[in-house]
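This briefing is meant for a reader who is meeting the structure for the first time. Please keep the sequence and the model in view while reading.

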Amino acid sequence: MAANEFDAVMDRRRVPTSKWDRYPEGVLPMWVADMDFPVAEAITASLRDRLDHPVFGYGGPGPATLRDVIAADMQDLYGWSISPADVVFLPGVVPGFNQALKAFTQSGDRLVVETPVYPPILAAAGNWDLTRKEVPLRSVSEGSTVDLHRLTAALGDAEAFLLCNPHNPTGMMRTRSELEAIGKACLASGAVIISDEIHCDIVYGGKKHIPIASLSPEIANRTVTLMAASKTYNIAGLKTAYAIIPDAELRRRFVAANLGMSEGANVLGLVATEAALRHGRPWKQALISYLEANRDHLSHRLSREIPEIRLVSPDATYLAWLDCTALELGDAYRFFLDKAKVAFNPGPSFGSDDGHVRLNFGCPRALLDEGIDRMVKSLSQR
Ligand SMILES: Cc1ncc(COP(=O)(O)O)c(C=O)c1O
């Protein structure tokens, strides 16, 4: 029996999964943001209960009870007052930000993104024929921080900002003063803020996530906030997320932009999301403790055994952005895949260079150690 519920290693190849199916057996997958943990018992119990009613018709605009829980959570966790009617259910956060861009931009408009960034955020401008204005974060050796001056300058001349907070791939969180400066710059230029906050729950060291829309009603009225229980509770395959849009006109335009492409959420995903938000907090706290220990374990082992790799210990997410340039591997993703049989996400997919990779430490400690052991061995055999 594993000492901790998160220590147990499951055979995930028994069912189809993106994470474990992409690479051949023998390769350890440490890429896509999907954790190797079973979900909270409260979620499986609620799904079993729902299966007892064997009809799975359309779910409509989503349960009022779930809207109420989301509104209560926003108040409780962030001191942000929203109305249950502000919530729009979606099949995912990626469909959500694409729908927002469809609603609020026109061909040729300027969209600001910070790089490196989650690949679908990087790709979004191209989907809607927008001009992508990239604002690079400072490098890992400089702490992967926001260059606020460059960012606010870029926002002064843009129609939309696609914010990723907490940030994928670096795990960085924005401070209140950074968010205030971003909000001020967007209000001045009229840029709509599309804020992907899918990683808002996994936050370490007692830090607190701040939704940008919670800063003021003026900012909230220019913002589409996108959240989901999917990353935290490991239910991304249930395809359920939500937008919070307090401004009625913005919400109307957002809903109208759907054009039949991604209407509503999955009925089982709605059930799982409600169970997670209502009953999942003790599980979430235990998960965060486990992940925080994984994060520290990874940092300690890398600094001792592969000190050439630079890593800014993430404040949030179960993702680590590794700067491997000092190892001079050429394509670091390819090197670790071929020589260590470990699959990371390649730096260029985030708009960075091939000396960087993203590692997912949302897994049992034994798998994390296996991944690090393989990296160390592959480097010693160069
Ligand atoms: C920043 C960010 N946004 C969105 C997603 C995916 O969202 P969804 O599966 O709800 O479309 C991910 C998944 O890793 C992510 O990291």
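The model is predicted. Its chain is divided into domain 1 (5-41 + 281-380) and domain 2 (55-279). A cavity search of the whole structure finds one of 30 Å³ or more, and the largest pocket has a volume of about 1200 Å³.

**Domains and their interface**

- Domain 1 consists of the two stretches 5-41 and 281-380, while domain 2 covers 55-279.
- A distance of 25 Å separates the C-alpha centres of domain 1 and domain 2.
- Contact between the domains involves 33 residues of domain 1 and 34 residues of domain 2.
- The area buried between domain 1 and domain 2 is about 2900 Å², and 58% of it lies on carbon and sulfur atoms.
- Of the area that domain 1 buries against domain 2, 23% is supplied by Arg 281, Asp 315 and Phe 350, more than by any other three residues.
- In general terms, the size of an interface is often expressed as the accessible area lost when the parts come together.

**Salt bridges**

- Four salt bridges are counted between domain 1 and domain 2.
- Arg 281 and Asp 76 form a salt bridge in which the closest N and O atoms are 2.9 Å apart.
- The structure as a whole holds 24 salt bridges.
- Another salt bridge pairs Arg 12 with Asp 34, with 2.8 Å between the closest N and O atoms.
- Because Arg 12 lies in the segment before helix 1 (18-21) and Asp 34 in the loop between strand 1 (28-29) and helix 2 (41-51), this pair ties together parts that are 22 residues apart in sequence.

**The largest pocket**

- The volume of the largest pocket is about 1200 Å³.
- Its lining comprises 47 residues, of which Ala 33, Asp 34, Ile 235, Ala 236 and Gly 237 are the closest to the centre of the pocket.
- Two or more lining residues are given by each of helix 2, helix 4 (93-104), helix 5 (119-127) and helix 9 (230-233).
- Domain 1 and domain 2 each contribute at least three residues to the lining of the largest pocket.
- By residue class, the lining of the largest pocket has 27 nonpolar, eleven polar and nine charged residues.

- Strand 2 (87-90) and helix 11 (267-279) each provide at least two of the lining residues, and strand 2 gives the most, with four.
- Twelve nonpolar, nine polar and two charged residues make up the lining of the second largest pocket.

**The largest cavity**

- Empty space of this kind can be located by rolling a probe the size of a water molecule over the atoms.
- The largest cavity contains about 120 Å³ of space.
- Its lining has 14 residues, with Asp 73, Leu 77, Asp 201, Tyr 242 and Leu 277 nearest the centre of the cavity.
- Helix 3 (64-78) and helix 12 (281-305) each supply at least two residues of this lining, and helix 3 has the largest share, four residues.
- The lining of the largest cavity includes ten nonpolar and four charged residues, but no polar ones.

**Backbone features**

- The peptide bond from Thr 115 to Pro 116 is cis, with omega near 0 degrees; Pro 116 is in the loop between strand 3 (110-115) and helix 5.
- Asn 165 and Pro 166 are also joined by a cis peptide bond, with omega about -5 degrees; Pro 166 is placed in the loop between strand 5 (160-164) and helix 7 (176-189).
- Leu 259, a residue other than glycine, has a positive phi near 50 degrees and is found in the loop between helix 10 (248-256) and helix 11.

How values were computed. Residues numbered from 1 in each chain as written. Predicted model: local features only at pLDDT ≥ 70, side-chain atom pairs only at ≥ 80, totals over all residues. Heavy atoms only, no water. 1 Å grid on protein atoms, 1.4 Å probe; cavity = no way out; pocket = protein on both sides within 12 Å on 5 of 7 lines; lining within 4 Å. Points joined across faces, edges and corners; volume = space filled by probe spheres on them. Nonpolar A, V, L, I, M, F, W, Y, C, P; charged D, E, K, R; others polar. Domains from an automatic or database assignment. Contact = heavy atoms within 4.5 Å. Buried area = accessible area lost by both parts, 1.4 Å probe. Salt bridge = Lys/Arg side-chain N within 4 Å of Asp/Glu carboxyl O.
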